[in-house]
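Subject: Structure handover

Hello,

Here is the structure I promised to send you. Please open it first, then read my notes below.

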Amino acid sequence: MKLHDLGEGGLIRKIRERFKAAVAIPIGDDAAVFDVSPNHSVVFCSDLVAENRHFLRDLHPPHSVAYKAIAANVSDVGAMGGVPLHFLISLAAPDDLDVEWIDSFLNGVARACKDFNISLLGGDSSSSDSIFVDVSMIGTVPAGKAIGRFGAKRGDLIYVSGQLGGSALGLEHFKAGLKDGAVERHVYPKPRHKIGAALRDKVHAMIDISDGLSTDLTHILEESKVSARIDKDRLPAWPGAEERHVLHGGEEYELILVAPQLPEMVEGVSLTKIGEIVDSEFENQIFLIDGTRESVLRAQGWQHF
């Protein structure tokens, strides 16, 4: 069976029958309706995944495409200090795409729902020459407690969660036909949303590493109008990852956290102090310390355009 045989109505029914959420109005209407607890703010985000830009149909399994698209949004909610709740997912695909691809894709959606304790509420579909996946997610955070990129202050310490460089290394290994821990990290990332929620009362600024350490730390510096000094020797590298993977590799979904002081372990994940926030003299820059040498680290991570 092909997707054009299933039709949009059949696709919606397939999704609605599989994903049932305990909300006021679930999948199937023009919009989903759900209640928000008193004294809480809503966190709402969206990410678009495009074939041949974010994934290769002949390389990435459909379940991974779905899982990663959802994980990116879970990570974004967590980077605000929020807790993910529900999401919409929209799919544009060629009408001759095998329904087996769709079924595998939905397996990835189901796994993400289970792993992140979230609910699918609906979405949209359309035909396209290539595959596009758009996920919009909503979460909650106590009113006034959301963490942005703009709160870093001189003297704050800079931390990262987990290890860096694994996803970029994993993509290279995947293309080479290898199967190892790095490939698993690339295919099924582990966003640190629970850390974000656990530490929202302690951090001044936070961002997830989706585009690379050099790029995402620069976002904090530009929004906070400060600079940073980080120590190359302190960067927690994934085993086998090279400097370019660690400094610039995307799709990590670890967190950069800026705070006066943080514990070494949160939610079973290590936090590593890699540097500190300093005043900016001219530009908002990252200074990379390598032994006795210090140089400016430019943002060389993922660029969307």
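Start in helix H3: Trp-101 and Phe-105 are four residues apart there, so about one helical turn separates them. Helices (H or I, at least four residues) and strands (E, at least two) are DSSP runs, numbered from the N terminus.

Before you go on, note that this is a predicted model: local features need pLDDT of at least 70, side-chain atom pairs count only at pLDDT 80 or more, and totals for chains, interfaces and linings use all residues. Residues are numbered from 1 along each chain as its sequence is written, and side-chain values use heavy atoms, with hydrogens and water left out.

**Aromatic pairs**

How many aromatic pairs does the structure hold? There are three. Rings of Phe, Tyr and Trp (its six-membered ring) pair if their centres lie within 6.5 Å; planes under 30 degrees apart count as stacked, over 60 as edge-to-face and the rest as tilted.

One of the pairs is Tyr-67 with Phe-116. Their centres are 5.4 Å apart, and 45 degrees between the planes makes the pair tilted. This pair links distant parts of the chain.

Buried means under 20% relative accessible area, exposed over 50%, and partly exposed in between (1.4 Å probe, protein chains only).

Now back to Trp-101 and Phe-105. Their ring centres are 5.4 Å apart and their planes meet at 15 degrees, so this pair is stacked. Both Trp-101 and Phe-105 are buried.

Ring pairs also join Tyr-67, Phe-116 and Tyr-188 into a cluster.

**The whole chain**

The protein chain has eight helices and twelve strands. Its C-alpha atoms fill a box of roughly 65 × 50 × 35 Å along the principal axes. The radius of gyration is 20 Å; a compact globule of 305 residues would have one near 19 Å, so the two agree. That radius is taken over C-alpha atoms, and the globule rule is 2.2 Å times the number of residues to the power 0.38.

Buried residues make up 52% of the 305 residues. Contact means heavy atoms within 4.5 Å. Of the contacts with a separation of 6 or more, 86% come from residues 24 or more positions apart.

**Loops and a strand**

Asp-96 lies in the loop between strand S2 (83-93) and H3. It is partly exposed, at 49% relative accessibility. Leaving out residues up to four places away in sequence, Asp-96 touches Lys-2 and His-4.

Which loop holds Asn-52? It is the one between strand S1 (40-50) and H2. Asn-52 is exposed, at 57% relative accessibility. Its phi is near 70 degrees, a positive value in a residue other than glycine. Most residues other than glycine have a negative phi. Glu-251 also has a positive phi, near 55 degrees. Find Glu-251 in the loop between helix H8 (243-248) and strand S8 (255-259).

Last, look at Phe-287 in strand S11 (residues 286-290). Beyond residues up to four places away in sequence, its contacts include Ser-227, Ile-230 and Val-296.

Best wishes
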